[in-house]
Structures are given as structure tokens and as C-alpha cells.
Amino acid sequence: QARASREAPAIRFGDASLNYGQLVDRVESIAAALHQRGVKRGDRVGILLMRSLDLIPALLATWRIGALYVPIDVGFPKKRIAYMLEDSNVHVVVADCELLHLLDEEHASISLCIESLAGQVFLPGEISPASGTDSAYIMYTSGSTGNPKGVEVRHSALVNCLRATRDYVEFTAESSMLALTTISFDISTVEIFMPLMSGGCVDLGEDGLAADGIHLVERIENR
């Protein structure tokens, strides 16, 4: 999709946006930083980011180098965050600098601040992206009956879900979708990746929008 329509809008967040060409460049830059930190195919990458234009590129960057992401809700208690990162054995945690206080000492030492990745850096040519048999992400259950349990999902299963949903709702390159769900819940994968797979646009809602009914209605009516 990026090769076919580099100038088409890919992500909107507030008044800012990325077209497909800019999205690819940002993904390459973050992926290169992960590669430089030793992340390789099959490694797990923790994602502790507030909603911004960097959130989706960070997720895609893990796939660009064959890794998988472990999404962490910024509202989780510090103890739960530490458990999830330890249990999933992450290699690095991509985080907002202002959220580093949510990490314990062990995981703060392997963190990568997204704000530090301002320059354009490209991956070596031999680095290939993830395939259908690779895992895409690990999401954790609520833990209501004990410790949260990680569920690993392959790219092939995710793509099947996205294609079926796209066809059912007749989503096209002219469509956009408002993404409201936290990345630690699996419906977020439909809200984010189905529009991008279709050449459409992700309208990324800011933190707290889903809980503000009046603001949410205004947002939908004004788009």
C-alpha cells in the first residue's frame, strides 16, 4: 500500500498526520534503532507508549525486523507492567521518556525512548520482515482468575481476521476508521491494521476519548 500511494493519508492524530511514505520512513527509523539494540527475529519488544503519531510506527517496526510486540497499557499498575515484561521475556521496551517511571529498574535499563529517535536511519538490506508463520504480538488476559496469561498470535491468523473484517464492512482505500481501543486489547489490531492493509486511514483517538461521550460524538461528526 505504501508503494502504491505514498502521498495518501495513513494516520491522523489530532491536527497532525502521516502519509504512507512518511509512515514507512518512520517505521524504518524505529526498526533500525531496534536492530542496533540487538533485536532479532522472534524477539519480544515491549511497547509502553501514549497515543501519538509514533505509536503505530513502533508496532510496525517490530514486524519490520521479524520481532513481535508486547503492548502495555500506560494505565496499568507498575507491578503488573513488571510482571508482563518479565513473563514475556522482552528484549527491549520502547517507551515515552515521561513513562519510564512506570518501569522497574531491570526494564528501565533496557528501555528505548521514542523521543530519542528523531533522525532518519535505514536498516541494512538483508533484514527481512516478519512472515505469516512468525508471531505478531503477545496480549495478556485480565488476570481476573490469577496472574495475567500471555496469548501469542501469528501473523497468518491476524491477516485472516483483517481480511474477513475488511470484506464484511466493505472497507476501501477511501475509508477511514476511528481507533479508540487500547493496544493491550486485541480489537485494536482491527482498528489499526485493517485500514492500513486496505490503503485507508487510521484516525487515532487520543487517550481518554472513548470515555468522553460528548467529545466522541463531536469527533465523529466533524470527520
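Helices and strands here are DSSP runs, numbered from the N terminus. The model is predicted.

**Stop 1**

Select Asn89. It sits in the loop between helix 3 (78-88) and strand 5 (92-95). Its phi is positive, about 55°, although Asn89 is not a glycine. Colour by accessibility next: Asn89 is exposed, with a relative accessible area of 59%.

**Stop 2: helix 5**

Select 155-169, the residues of helix 5. Check its length. The 15 residues should span 21 Å at 1.5 Å a residue, and the end C-alpha atoms are 21 Å apart, which agrees.

Now show side chains. His155, Leu158 and Leu162 are buried. Look down the axis of helix 5: the buried residues fall within an arc of 65°, so they line one face of the helix. Turn to the face directed away from that buried side. There you find the exposed residues Asn160, Asp167 and Tyr168.

What do the buried residues of helix 5 pack against? Show helix 2 (55-64), strand 7 (135-140), strand 8 (150-154) and helix 6; these are the partners.

**Stop 3: just past helix 5**

Step on to Glu170, which follows helix 5 and has a positive phi, near 55°. Glu170 is not a glycine either. It lies in the loop that leads from helix 5 to strand 9 (176-179). Glu170 is exposed, at a relative accessible area of 64%.

**Stop 4**

Follow the chain into strand 9. This strand belongs to an open sheet of four strands, ordered 2-1-10-9, with mixed pairing. Strand 2 (16-19) and strand 9 are the edge strands, each pairing on one side only. On average, neighbouring strands of this sheet are turned by 15° against each other, direction ignored.

Zoom in on strands 9 and 10. Strand 10 covers residues 201-204, runs parallel to strand 9 and is joined to it by four bridges. Pick Met177: its bridge partner in strand 10 is Val202.

**Stop 5: the nonpolar cores**

Select Phe193. Leaving aside neighbours within four places in sequence, Phe193 is in contact with Leu59, Leu60, Trp63, Tyr69, Leu158 and Leu162. Leu158 and Leu162 are buried residues of helix 5, already visited.

Which residues touch the most other members of the largest nonpolar core? Among its 46 residues, they are Leu34, Val45, Ile47, Leu60, Tyr69, Phe193 and Leu196.

Finish at another core, which lies apart from this one and has 16 residues, including Leu48, Val70, Val90 and Ala95.

Key. Residues numbered from 1 in each chain as written. Predicted model: local features only at pLDDT ≥ 70, side-chain atom pairs only at ≥ 80, totals over all residues. Heavy atoms only, no water. Helix = DSSP H or I, 4+ residues; strand = E, 2+ residues; numbered from the N terminus. Buried < 20%, exposed > 50% of the residue type's maximum accessible area, 1.4 Å probe, protein only. Core = buried A, V, L, I, M, F, W, Y, C linked by side-chain atoms within 4.5 Å. Contact = heavy atoms within 4.5 Å. Pairing = 2+ DSSP bridges. Axes fitted to C-alpha atoms, helices over the stretch in contact; angles between N-to-C directions. Expected span 1.5 Å × (residues − 1). Arc of directions from axis to C-beta.
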